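Hi everyone, thanks for coming.

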Amino acid sequence: METLWFAIVALMLAIYVVLDGFDFGTGIVYLFVARTDMERRTVLQAIEPVWDGNEVWLIAGGGLLFMAFPRVYAAGFSGFYLALMLVLWLLILRGISLPLRSHLANPLWRTFWDWVFAGASLLLAIVLGAALGNLIRGVPLNAEGYFFAALWTDFLPGPAPGILDWYTLLMGLEGAAILTVHGANYLAMKTEGPVRDRARCVAALGQWAVVTLTLAAILAIPLVQPGLRRNYDAHPVGYGLLLLALGSLASLFYWRRRQQDVASFLASGLLILGLLGSTAWGLYPNLLISTVHPAHSLTISNAAASRESLQTGLGWFLVGFSLVVAYSVYVYRCFWGTVDAASGDEES
């Protein structure tokens, strides 16, 4: 039952990164692909109908983590307090920037909120990547299962690392590069004309940054967390997830070269699922690895709720998951196709 919930929580968070990831990527490339006010309204029209629905997956993933593994939820939210406050402020700034830019037709006012939207999107992508780097590297958990991580200490992984060191920063840059390509592929699929052409150009160039940073991050893993390979040696079937990621990366180049926007977007989504899935495979059964002593790590065994709670929660999860999937499919089906640039102009 604990293993099933580990897979459920990992799946929910991976779906969130795929769906909200193109929101972040759209914000990162926003100022590059949209240069006039009409083009920027067109870009915003491409994400506004699905934005709120994508955020539901983050709330659902956090709620399930709290229900299934309350000790991890408590340790993570107290230990990463500074980082979570940063994420909260960035989400607020990103969320208010779009409605506020439409309140005044003043160019200076709109440019200011456009930069806020783009900057918050970039920083959120970096923070998400750094968060994954912290899970891989480990945190200074003590025997009571608590820790506090400063934003940075000496920028080196070790027994008492900060949230940011050279490895987590590398993961942050990798996350930003992947979500940039993912967002550019989404805009290439949803828009036409100059915006689509610029989005295709950004995606094509960004793919090389993804390859470089992903390769660097993989090569660095043995230096910061050599135990991550243990599960792959014991159960080689896990290499299938790595092959999924590598195959998606190769197909990303193939489809982008042929300007197949829908296929490119699906490939970047599968790349994210493959990378996150292979990370979860390596981490299992750990949820938070202790850099102080391996015995202090929080695992699916010592951090799970009671078996009765997990069994009861599974039934409610299946009901809620079915409703969220049905709603998401309905919304995406309603707004399928390219965005009408004229409609964006009318609302500005």
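Okay, first a term: a salt bridge is a side-chain nitrogen of Lys or Arg within 4 Å of a carboxyl oxygen of Asp or Glu. Before I use it, note that this is a predicted model, where local features need pLDDT of at least 70 and side-chain atom pairs count only at pLDDT 80 or more, while totals for chains, interfaces and linings use all residues. Residues are numbered from 1 along each chain as its sequence is written, and side-chain values use heavy atoms, with hydrogens and water left out.

So, how many salt bridges does a search of the whole structure find? It finds 11. One of them joins R137 to D165, with the closest N and O atoms 2.6 Å apart. R137 sits in helix 5 and D165 in the loop between helix 5 and helix 6 (166-190), so this pair ties together parts 28 residues apart in sequence. Helices here are DSSP runs of H or I, at least four residues, numbered from the N terminus.

Are these two buried or exposed? Buried means under 20% relative accessible area, exposed over 50%, partly exposed in between, using a 1.4 Å probe and protein chains only. R137 is at 3%, so it counts as buried, and D165, at 0%, is buried too.

Another salt bridge pairs R101 with D114, at 2.7 Å between the closest N and O atoms. R101 is in helix 4 (residues 81-101) and D114 in helix 5 (residues 107-137).

Definitions and conventions:
Helix = DSSP H or I, 4+ residues; strand = E, 2+ residues; numbered from the N terminus.
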